[in-house]
Amino acid sequence: MTTHYDIIPDIHADIDRLTQTLLSLGYVADHAVWAHPEGRIAAFLGDFIDMGRANRAVLNLVRAMCDQGSAVAIMGNHELNALLYHQPGQNADGTDDGFMRAHSAKNMAQHQTFLDEFPVGHPDTARMLDWFLMLPLFLDLGGLRLVHACWDDTRVATILDRRPSGVLALDDLQ
């Protein structure tokens with residue numbers, strides 16, 4: 001039996017756009033968990049957060065679908081940036097502010113709607129960042145490859161050599 005996937009990219013904390021997309025694809029909400037009556041699977045390509053004002057609602061919906069098996073998800077650059085923003089370490093900007101992604105005005109502005117719901121150091125934030133870290137950077141579903149930006153065989157092979165699951169570990173971030 002062939003699995004059919006519905007590709008859904010870049011939600012950016014817009015719960016209305018997400019629910020309208022799911023409805024237009026024929027998904028049905030049952031007790032706050034969405035599923036397709038024909039068994040199709042939503043394939044989320046990351047960038048769940050930032051820009052919109054419903055980060056928590058989008059993340060809860062996507063996570064519930066993944067937990068139920070009605071969706072798969074990969075990490076986007078906004079989730080990776082969030083991990084780096086909240087993770088102590090050195091950053092490439094050389095600001096020595098103690099975080100892997102500088103807490104500059106530009107980076108803070110890009111991440112502000114997430115920060116409004118998930119402040120630095122809050123336990124809810126830590127739990128959500130742990131979920132981000134569980135998301136693979138890519139999925140090869142046999143005939144369908146999911147990646148947020150660009151499938152590069154050399155870079156995919158490099159990641160697979162270190163992490164066969166395609167899932168980063170905390171020590172990969174620095």
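A: A residue is called buried under 20% relative accessible area, exposed over 50%, and partly exposed in between, with a 1.4 Å probe and protein chains only. At 56% relative accessibility, Cys150 therefore counts as exposed, and Cys150 is also one of the residues that lie nearest the centre of the largest pocket, together with Leu80, Leu137, Val147 and Ile159.

This is a predicted model, in which local features need pLDDT of at least 70 and side-chain atom pairs count only at pLDDT 80 or more, while totals for chains, interfaces and linings use all residues. Residues are numbered from 1 along each chain as its sequence is written, and side-chain values use heavy atoms, with hydrogens and water left out.

On a 1 Å grid over the protein atoms alone, a pocket is an open set of points with protein on both sides within 12 Å along at least five of seven lines, whereas a cavity is a set of points where a 1.4 Å probe fits but cannot get out; lining residues have an atom within 4 Å of a point. Grid points are joined across faces, edges and corners, and a volume is the space filled by probe spheres set on the points.

The largest pocket holds about 440 Å³ of space and is lined by 18 residues. Two or more of its lining residues come from each of helix H3 (77-86), helix H6 (153-162) and helix H7 (170-173), where helices are DSSP runs of H or I with at least four residues, numbered from the N terminus. The lining comprises 12 nonpolar, three polar and three charged residues, with Ala, Val, Leu, Ile, Met, Phe, Trp, Tyr, Cys and Pro counted as nonpolar, Asp, Glu, Lys and Arg as charged, and the others, Gly among them, as polar.

As for the cysteines, the structure holds zero disulfides, a disulfide being a pair of cysteine sulfur atoms within 2.5 Å. Cys66 counts as partly exposed because its relative accessibility is 22%.
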